[in-house]
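Subject: Structure for you to look at

Hello,

Here is the structure I said I would pass on. Please open it next to this message and follow along; my notes come after it.

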Amino acid sequence: MSEAVSPETWVGPFRTPRNMAAEARGSIHDDATATRLGFRGGTVAGSIHLDQFVPRLVENFGPQWFETGGLSVYFTQATVDREEVQCAVEPGADRLRLSMHNRDGALICQGTASAQPDAGSELARRFETQTPAAAGALRILAAMQVGDENHDLAVSVAPETLARSLGVITEALPAYETGILPPSLVIHMAHMTREAVMAKSTRPQVALYGALEVQNLAGPLRVGVDYQARTRVLKLSESPKTENVWYEVIFTEAGRDIARVLYFLRVLKGSSPLWAQG
């Protein structure tokens with residue numbers, strides 16, 4: 001049940017997302033790896049948090065949100081298994097404003113949602129303002145270049161994957177029972193291209209989502225459908241603790257673009273021997 005706390009802001013119930021990748025040793029979801037890198041424990045994939053906003057988006061925009069709607073979220077803090085989080089949605093003239101907090105009131109993520117492609121989305125704005133990495137600043141991503149592309153990558157989500165996800169999803173919707181993919185599984189499908197995107201980067205490395213955007217173009221995306229994906233690196237940047245890559249994944253079917261995922265992926269410098277000496 002949701003709660004309308006003011007004429008302007010809707011707040012949902014607290015949910016307890018699961019870390020479904022806790023057994024992925026050497027990843028940011030693994031307790032040992034995450035704590036070694038300064039996190040409280042293995043992190044819940046940021047993609048899981050996207051699902052928590054969807055019931056309100058469908059309520060606001062209608063079921064056609066799965067056809068042309070978008071969801072754009074920037075993460076400010078990682079969560080751990082079963083950490084309680086609550087989302088809020090604030091209406092606006094051109095787009096909805098999104099936020100999520102934990103029980104202590106710490107901001108987990110913030111973003112936007114819309115019924116149509118939005119040139120002013122959360123990630124579109126952040127992408128434009130983020131400074132590209134200076135020459136020689138990158139070590140892990142040094143061999144990658146803006147414009148790197150991959151084409152004709154086969155991707156799909158199996159029915160058993162959707163069924164398993166619906167057993168633990170934070171917000172179940174009737175649309176998912178008909179085979180429409182929730183945002184978390186759209187990201188799961190986009191993740192199948194990551195090895196190709198990051199092929200030039202140096203291993204070992206540990207990365208986590210800094211931001212995610214799902215934009216339906218001619219959806220919905222459905223379970224059991226064989227899609228083709230193409231990818232493109234859009235920007236490379238860095239911070240004191242991370243090297244970062246912005247890249248897009250576009251799903252196509254029968255030559256038509258169906259949906260786009262925009263990634264802001266943070267690669268932790270502390271996970272690479274290339275930064276061991278500072």
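Which residue in β10 is the bridge partner of Glu 238? It is Glu 243. Please keep in mind that this is a predicted model.

**The strands**

That pair belongs to a set of 10 bridges that join β9 (residues 227-238) to β10, and the two strands run antiparallel. They form a hairpin, with 3 residues between them. On to the next strand: β10 and β11 are also paired in the antiparallel sense, over 12 bridges. Here Tyr 247 stands opposite Tyr 263 in β11. The hairpin of β10 and β11 has 2 residues between the strands, and in it Ala 254 takes a positive phi near 55°.

How many of the 12 residues of β10 (residues 242-253) are buried? The count is 11, so the strand is largely enclosed by the rest of the structure.

**Two helices**

An α-helix has 3.6 residues a turn, so residues three or four places apart point the same way.

In α5 (residues 122-129), the buried residues are Glu 122, Leu 123 and Phe 127. Seen down the axis of α5, they fall within an arc of 120°, so they line one face of the helix. Glu 128 and Thr 129 are exposed, on the other side of α5.

In α6, Thr 161, Leu 162 and Ser 165 are buried. Their arc around the axis is only 100°, which puts them on the same side of α6. On the other side of α6, Glu 160, Ala 163 and Arg 164 are exposed. What covers the buried residues of α6? The cover includes α7 (174-177) and α8.

**The largest pocket**

The largest pocket has a volume of about 1200 Å³. It is lined by 49 residues, and the closest to its centre are Ala 21, His 29, Ala 45, Ser 47 and Tyr 209. Which elements give two or more residues to this lining? They are α2 (46-50), α6 (159-166), α8 (183-191), α9 (194-197), β8 (207-216) and β11 (256-268). Two of these names came up above: α8 is part of what covers the buried residues of α6, and β11 pairs with β10.

Regards

Conventions. Residues are numbered from 1 along each chain as its sequence is written. This is a predicted model: local features need pLDDT of at least 70, side-chain atom pairs count only at pLDDT 80 or more; totals for chains, interfaces and linings use all residues. Side-chain values use heavy atoms; hydrogens and water are left out. On a 1 Å grid over the protein atoms alone, a cavity is a set of points where a 1.4 Å probe fits but cannot get out, and a pocket is an open set with protein on both sides within 12 Å along at least five of seven lines; lining residues have an atom within 4 Å of a point. Grid points are joined across faces, edges and corners, and a volume is the space filled by probe spheres set on the points. Helices (H or I, at least four residues) and strands (E, at least two) are DSSP runs, numbered from the N terminus. Buried means under 20% relative accessible area, exposed over 50%, partly exposed in between (1.4 Å probe, protein chains only). The arc is that of the directions from the helix axis to the C-beta atoms. Contact means heavy atoms within 4.5 Å. Two strands pair if DSSP finds at least two bridges between them.
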